[in-house]
Amino acid sequence: MLDKAKSGIWKSRVEKVNAELVTLTYGTIVAQLCADYENDYAQVNQQLEKMGYNIGVRLIEDFLAKTSTARCGNFRDTADMISKIGFKIFLNITPTVTNWTADNKSFSLLFDENPLADFVELPDDGRAQDELWFSNILCGVLRGALEMVQMSIEAHFVSDILRGNDTTEMRVTLLRMIEDELPPDDE
Amino acid sequence: MALGSTPAIACIGIIGQHDNPLHISLFPPHEDEELDMSFLLNSSLDIFDIRLRNKTVDQDLGLLHAVDERLATYGWLTNTGIKFIIAIDMMGRPPTETTPNPQARNLPPVLGLRDSELKPAFKAIQSAYIALLMNPFYTPEVRTPMQVMHATGKSAEITSKKFINEIQRIGKTWYPGITSI
């Protein structure tokens, strides 16, 4: 299924946009959020996640239309789909899927490159390095997108090159599958 | 000539639109000559003005002036009015210093420099400056000359570690004839 989607039609009509435009736009948003919340980075992280969520719930529609993929068989398929097709289409990167837990419910995405964070140097105020997750919007995007396909997940960054870590790693955990619920009292 | 006798960069200055210094890096053996170097950079700024008045200038201004047989300054002017100035010490570094590029040691002693030999250094500085500007957390200062004159409080100096390290690297790596930094 993955191969089918990989060779899919989306390849021929990937829309392109200047990378610097995206980087600068996103950078400006984060910098502005930091200014608006007076460098309360916990708040900034939360806002970015929320913005990402709102993007995700819409983006999944576009993703499904472009790739015309079917439902993933298991969470491992989902992870591959996210990395090899989702990130590939929208950011043209392929983060590595790794560090699976034994129950197949939690994995890590390792970002070798991160177009959102090009040029960025976190503010040198002694706190940003420890508190701000610059690319936190991505966590929200995943949460929003997967929620629309009946998966409730939790995503957060555990390390970031911007903070001086060796890698940029996002941890994604499947909380539960959202069962289709019938509306109550629907006779 | 004593010392290394391969010309080396003594000082790199980044000067803002209104001749306000944004960053000055000093290199051995001139680390302690901050005052001398500011003076040197300042006097170079006048030459920018003169050159600008005379003709339409290229970004690369080449040799600005040779102060004495040892020091000379070279200039680069971006279209937005940011000036990069490199001061070259014709006598180079003390030989005890480990040269990062072994090639530089084998070069024959150079007596003169062609303007084009500093181009790679200027290009590298410009790239570093662009990368700095692209950082969303860096706010370039937009002020009128009057505001600069009457400014109180903190100056607009560049504090980015990444940028300063890059400038240090450029200054230490450059040698006459290098093609890219």
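How are helix 2 of chain A and helix 3 of chain A oriented to each other?

## Helix 2 against helix 3 in chain A

In this predicted model, helix 2 of chain A, which covers residues 19-36, and helix 3 of chain A have axes that come within 9 Å and cross at roughly 135°. Helix 2 and helix 3 of chain A are therefore oblique to each other, and helix 2 passes helix 3 in a right-handed crossing.

On the side of helix 2 of chain A, the contact is made by Tyr26(A), Ile29(A), Val30(A), Leu33(A) and Cys34(A), which meet Tyr41(A), Val44(A), Gln47(A), Leu48(A) and Met51(A) in helix 3 of chain A. The residues of this contact between helix 2 and helix 3 of chain A divide into nine nonpolar, one polar and no charged.

## Helix 3 against helix 6 in chain A

Helix 3 of chain A also packs with helix 6 of chain A, here at an angle of about 40° and with the axes 6 Å apart.

The contact of helix 3 with helix 6 of chain A divides into 11 nonpolar, four polar and three charged residues.

## Helix 4 against helix 6 in chain A

Helix 4 of chain A (residues 75-91) and helix 6 of chain A (residues 137-147) have axes that come within 13 Å and cross at roughly 120°. These two helices of chain A, helix 4 and helix 6, are therefore oblique to each other, and helix 4 passes helix 6 in a right-handed crossing.

In this contact, Thr78(A), Ile82(A), Phe87(A) and Leu91(A) of helix 4 of chain A meet Leu138(A), Leu142(A) and Leu146(A) of helix 6 of chain A. The residues divide into six nonpolar, one polar and no charged.

Because Asp80(A) and Lys84(A) are four residues apart in helix 4 of chain A, they are separated by about one helical turn.

## The interface of chain B with chain A

Eight residues of chain B are in contact with 15 residues of chain A. The area buried between chain B and chain A is about 990 Å², and carbon and sulfur atoms give 65% of that area. Met134(B), Pro136(B) and Phe137(B) supply 62% of the area that chain B buries against chain A, more than any other three residues.

Between chain B and chain A the count is one salt bridge, and the side chains of Asp124(A) and Lys161(B) meet in a salt bridge at 3.1 Å, N to O. Over all chains, the count comes to eight salt bridges.

## Backbone features in two loops

Most residues other than glycine have a negative phi, and most peptide bonds are trans. Ser68(A), which is not a glycine, has a positive phi of about 40°, and Ser68(A) lies in the loop between helix 3 (41-67) and helix 4 of chain A.

In chain B, the peptide bond from Pro28(B) to Pro29(B) is cis, with omega near 5°. Pro29(B) lies in the loop between strand 2 (21-26) and helix 1 (34-54) of chain B.

Conventions:
Residues are numbered from 1 along each chain as its sequence is written. Chains are lettered from A and ligands numbered from 1 in the order in which they are written. This is a predicted model: local features need pLDDT of at least 70, side-chain atom pairs count only at pLDDT 80 or more; totals for chains, interfaces and linings use all residues. Side-chain values use heavy atoms; hydrogens and water are left out. Axes are lines fitted to C-alpha atoms, for helices over the stretch in contact, and angles run from 0 to 180 degrees between N-to-C directions. Angles under 35 degrees count as roughly parallel, over 145 as roughly antiparallel, 65 to 115 as roughly perpendicular and the rest as oblique. A crossing is left-handed if the near helix is turned anticlockwise from the far one by less than a right angle, and right-handed if clockwise. Contact means heavy atoms within 4.5 Å. Ala, Val, Leu, Ile, Met, Phe, Trp, Tyr, Cys and Pro count as nonpolar, Asp, Glu, Lys and Arg as charged, and the others, Gly among them, as polar. Buried area is the accessible area (1.4 Å probe) that two parts lose on being put together, summed over both. A salt bridge is a side-chain nitrogen of Lys or Arg within 4 Å of a carboxyl oxygen of Asp or Glu.
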